[in-house]
Amino acid sequence: TVLSLCACEAEGEEIARTDFIIDGNKDVGDGFDSLKQFLAGVFDDPDDIKEMAGNNAEAVVEFDDAVYLQIGENVFPTRMLYYAISLLKSSEISEAQTNSVKAKDNDEYWNSLVFDHYKTRKELLLEAAKENVTNMLITMDIMKEYGFTESNNYIYSYESILANYGSEQAIEDYFGAYGLSAELYKKYLRYISAYNEFKEYLIGADGPLFPSDD
């Protein structure tokens, strides 16, 4: 590819054409096909991406600082919505692969209709992410009315993750690809922990709404 680009500006025979014979046996087109197959193989195996990219990987998305949802004093930034969508997307792909469905991160898969829903995977996933976010903020707003006190378990979760990553800077580097700082990631952990614990409080065996799941 580098030779082709250089030859486009150099005098002499043009080798940027895909039918140019390199060694009498293969042409440039064959080389490009091989490269496409190689890249496809890399992206089919997430481990290869980590191994090849290493610390050179960086986010290719510019994130904004808009607020997606606010209920009471609690705010859910758009950056955190992106992360919530990413978690559901990863889960969807993992489940599909477990069931031998070839799931890839492309438009063909995500824009395909889901059986009996008449909606695309992308639409259902976005709806689910928004519902989860809404439930988290509603929890933060009303839990005291039901006699529930928020725990500090999310801090222990964060400290455990911090120990695994080794430093707060490592967390910043990793979650920066989602647009999250360490503090925003901690806030997400707080919201999701409060929601899960509040739900268990309400519908658990001793909960005021047992046995309802509403």
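Trainee: Is Glu123 buried, exposed or partly exposed?
Mentor: Glu123 is partly exposed, with a relative accessible area of 40%. Keep in mind that this is a predicted model.

Trainee: Which helix is Glu123 in?
Mentor: Glu123 is found in helix H6.

Trainee: How far apart are Glu123 and Ser112, in sequence and in space?
Mentor: They are 11 residues apart in sequence. From C-alpha to C-alpha, Glu123 and Ser112 are 9.9 Å apart.

Trainee: Ok, and where does Thr120 lie?
Mentor: Thr120 is in the loop between helix H5, residues 107–110, and H6.

Trainee: Buried or exposed?
Mentor: Thr120 counts as buried, at 13% relative accessibility.

Trainee: What is Thr120 in contact with, leaving aside its neighbours within four places in sequence?
Mentor: Thr120 is in contact with Trp110, Asn111, Ser112, Leu113 and Val114.

Trainee: Switching to charges. How many salt bridges does the count come to?
Mentor: The count comes to four salt bridges. One of them joins Arg121 and Glu92, with the closest N and O atoms 3.2 Å apart.

Trainee: Which residue does Lys119 form a salt bridge with?
Mentor: Lys119 forms a salt bridge with Glu127, and the closest N and O atoms are 2.7 Å apart. Lys119 is partly exposed at a relative accessible area of 30%, and Glu127 is partly exposed at 36%.

Trainee: What about Lys186, which side chain does it meet in a salt bridge?
Mentor: The side chain of Lys186 meets that of Glu183, at 3.6 Å from N to O. The two residues are three apart in helix H9, which means about one helical turn separates them. Lys186 is partly exposed, with a relative accessible area of 23%.

Trainee: Which ring does the charged end of Lys186 sit over?
Mentor: The charged end of Lys186 sits over the ring of Tyr158, 4.7 Å from the ring centre.

Trainee: Back to H9 itself. How many residues does it have, and how far does it reach?
Mentor: H9 covers residues 182–203, which is 22 residues. From first C-alpha to last, H9 reaches 32 Å, close to the 32 Å expected at 1.5 Å a residue.

Trainee: Which residues of H9 are buried?
Mentor: The buried residues are Ala182, Leu184, Tyr185, Tyr188, Leu189, Tyr191, Ser193, Ala194, Phe198 and Leu202.

Trainee: Now rings. How many aromatic pairs does the count come to?
Mentor: The count comes to 17 aromatic pairs. In one of them, the rings of Phe148 and Tyr201 have their centres 5.3 Å apart and their planes at 50 degrees, so the pair is tilted. Phe148 lies in the loop between H6 and H7 and Tyr201 in helix H9, so this pair ties together parts that are 53 residues apart in sequence.

Trainee: Which residues do ring pairs link into a cluster?
Mentor: The cluster holds Phe76, Tyr83, Tyr165, Tyr174, Phe175, Tyr178, Tyr185, Tyr188 and Tyr191. Among them, Tyr185, Tyr188 and Tyr191 are also buried residues of H9.

Trainee: How do S1 and S2 run, and how many bridges join them?
Mentor: S1, residues 67–71, and S2 run antiparallel, with four bridges joining them. The two strands form a hairpin with two residues between them. In the turn, Gly72 has a positive phi of about 65 degrees.

Trainee: Which way do the S2 residues point?
Mentor: Asn74 and Phe76 point one way from S2, while Val75 and Pro77 point the other way. All of these are buried.

Methods:
Residues numbered from 1 in each chain as written. Predicted model: local features only at pLDDT ≥ 70, side-chain atom pairs only at ≥ 80, totals over all residues. Heavy atoms only, no water. Expected span 1.5 Å × (residues − 1). Buried < 20%, exposed > 50% of the residue type's maximum accessible area, 1.4 Å probe, protein only. Phe/Tyr/Trp six-rings, centres within 6.5 Å; stacked < 30°, edge-to-face > 60°. Lys NZ or Arg CZ within 6 Å of the ring centre and 35° of its normal. Pairing = 2+ DSSP bridges. Contact = heavy atoms within 4.5 Å.
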